[in-house]
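Hi everyone, thanks for making time this morning. Have a look at the model on the screen, and I'll walk you through it.

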Amino acid sequence: MKYVDEYRDQSSAETLVAAIARAATRPWTIMEVCGGQTHTIVKYGIDRLLPENVELVHGPGCPVCVTPLETIDKAHAIASRADVTFCSFGDMLRVPGSRGDLLELKSQGADIRVVYSPLDAVNLAASLPHRKVVFFAIGFETTSPPNAMAAWLARKRDLNNFSMLVSHVLVPPMMTAMLEAPDNRVQGFLGPGHVCTVMGIREYEPIAERFSVPIVVSGFEPLDLLEGILRTVNCLEEERSGVENPYARAVRPDGNPASRKLIDEVFEVCDRKWRGIGEIPGSGLRLRDDYRDFDAERIFEVEGIAMSESAACISGQILKGLKKPHHCPAFGKECTPDSPLGATMVSTEGACAAYFAYGRHLETKRTASPEYVELGRIACKV
Amino acid sequence: MPVPPDNTMCLGIPGRVLETYREHDVLMARVQFGGVAKRVCLEHVPEVQPGEFVLVHVGFALSRIDEAEAARVFAFLRELNQLGELEDPPP
């Protein structure tokens, strides 16, 4: 057992697809919250294996996509400084800000480095004592324990040349905002499996109860997603709400208590603006006052310059699940992963980038990636 | 520097713990992903033993993979197959 290939087995997928088709008697709209789930769904053509009355809409769970323009601009301003070594996850480098992206800045000579882990940025600060090392700490709850650990370790190791530009976001306030919106179409959710490895499933129970929706915590492999969809459809058909956790191989009901404790020690909840969506109350994390010496925004006192987004881009509606990438006139034309106009084309987890990567801008009918063609046979047999 | 293929937000990758050690008083491990071994912080899953699998995100182990729970979906699939045969008898 390697916990990967087993969850990509075709005949098992076929069984689940057939069960979904048997279960769904009415039209249902289900949102997968997480960008990683969107990526798997589009890569394997899972949305197209489903019966026509089960629609998947892609949620705003891509932290790279929703990082606000002002924060990208602050990153740009800090990374431009001659005394700064700026560290970031790779997929943040191409996010367009008002003054261009970080990759462009790097090509102009700025010291910008891609790190695999925030802990690598801490080690870099230790090895470059004469540089100010700044880590771009973005992400959902999944990434908050490693980022909190970086701040905690930097303090423990007395590294006064390390700081973080923090733009963390939280899933439950986003789901609440989505369900409160008058134009909401979502009837059930595939819950964010990896966020729940950290936070557990308890904070989703009040949301499920208040809005009478099923939330089924799902993993990221094809079988995980198909099982999640089947369980969500079963709940909807039987008019049951509540939280189910079929991803129990990784998710405990209380999450990871050590991680939650550290997050609480380092970060505090704040209001946060989401690119393409707007401000959502209580939907962010920032460093606590106790960690102010590691807060790059305080150290560098940078101001963001707010500029308007491209008028052609409909990423805001895509992030809310109101539209699909191919509804955008710029999709695959002016807007591609090489020159993205908006948030959802930037990261591999953005819905537009996933649609583009698997050839959906080239399609006239139901033909797609090799993965789709292979799994597509299942759809015909059902 | 090339971007590692698994440097994607919220992606958690299962890997097998090869050996554990301490560095700056933090519990670390060498963890194997396919043919590649990487350094991973194990501080928040200290109970994990070499040979067990952990879910790793950006160099940080978030949880231990539960072997019994991992097999559950296959039992569910067997049930579904039996149900499918009952509902759609072979011609």
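**The sheet of chain A**

Let's start in chain A, where five strands make an open sheet, ordered β2-β1-β7-β8-β9, with parallel pairing. At its edges are β2 (54-61) and β9 (242-244) of chain A, each pairing on one side only. From one strand to the next, the twist averages 25°.

A quick word on what we're looking at: this is a predicted model, so local features need pLDDT of at least 70 and side-chain atom pairs count only at pLDDT 80 or more, while totals for chains, interfaces and linings use all residues. Residues are numbered from 1 along each chain as its sequence is written, and chains are lettered from A and ligands numbered from 1 in the order in which they are written.

As for terms, helices (H or I, at least four residues) and strands (E, at least two) are DSSP runs numbered from the N terminus, and two strands pair if DSSP finds at least two bridges between them.

Strand β8 (residues 214-218) of chain A runs parallel to β9(A), and three bridges join them. Opposite A:I215 you'll find A:V243 in β9(A).

What lies across β1 (28-34), β2, β7 (188-192) and β8 of chain A? That's helix α2 (residues 35-43) of chain A, running at about 120° to β1(A). Axes here are lines fitted to C-alpha atoms, for helices over the stretch in contact, and angles run from 0 to 180 degrees between N-to-C directions.

**A hairpin**

Further along, strands β10 (residues 267-274) and β11 (residues 278-287) of chain A pair in the antiparallel sense over seven bridges. A:K273 stands opposite A:E279 in β11(A). The hairpin has three residues between the strands, and A:G276 takes a positive phi near 85° there.

**Chain B and the interface**

Over to chain B, which has one helix and five strands. From the N terminus on, its elements run β-β-β-β-β-α. Of its 91 residues, 32% count as buried, meaning that 20 or more other C-beta atoms, placed from the backbone, lie within 10 Å of the residue's own.

And how many residues of chain A are in contact with chain B? There are 50, and they meet 34 residues of chain B; contact means C-beta atoms, placed from the backbone, within 7 Å. Helix α1 (residues 10-23) of chain A gives the largest share of chain A's side, six residues. That side divides into 26 nonpolar, 15 polar and nine charged residues; Ala, Val, Leu, Ile, Met, Phe, Trp, Tyr, Cys and Pro count as nonpolar, Asp, Glu, Lys and Arg as charged, and the others, Gly among them, as polar.

Methods: Contact = placed C-beta atoms within 7 Å. Buried ≥ 20, exposed ≤ 12 C-beta atoms within 10 Å, placed from the backbone.
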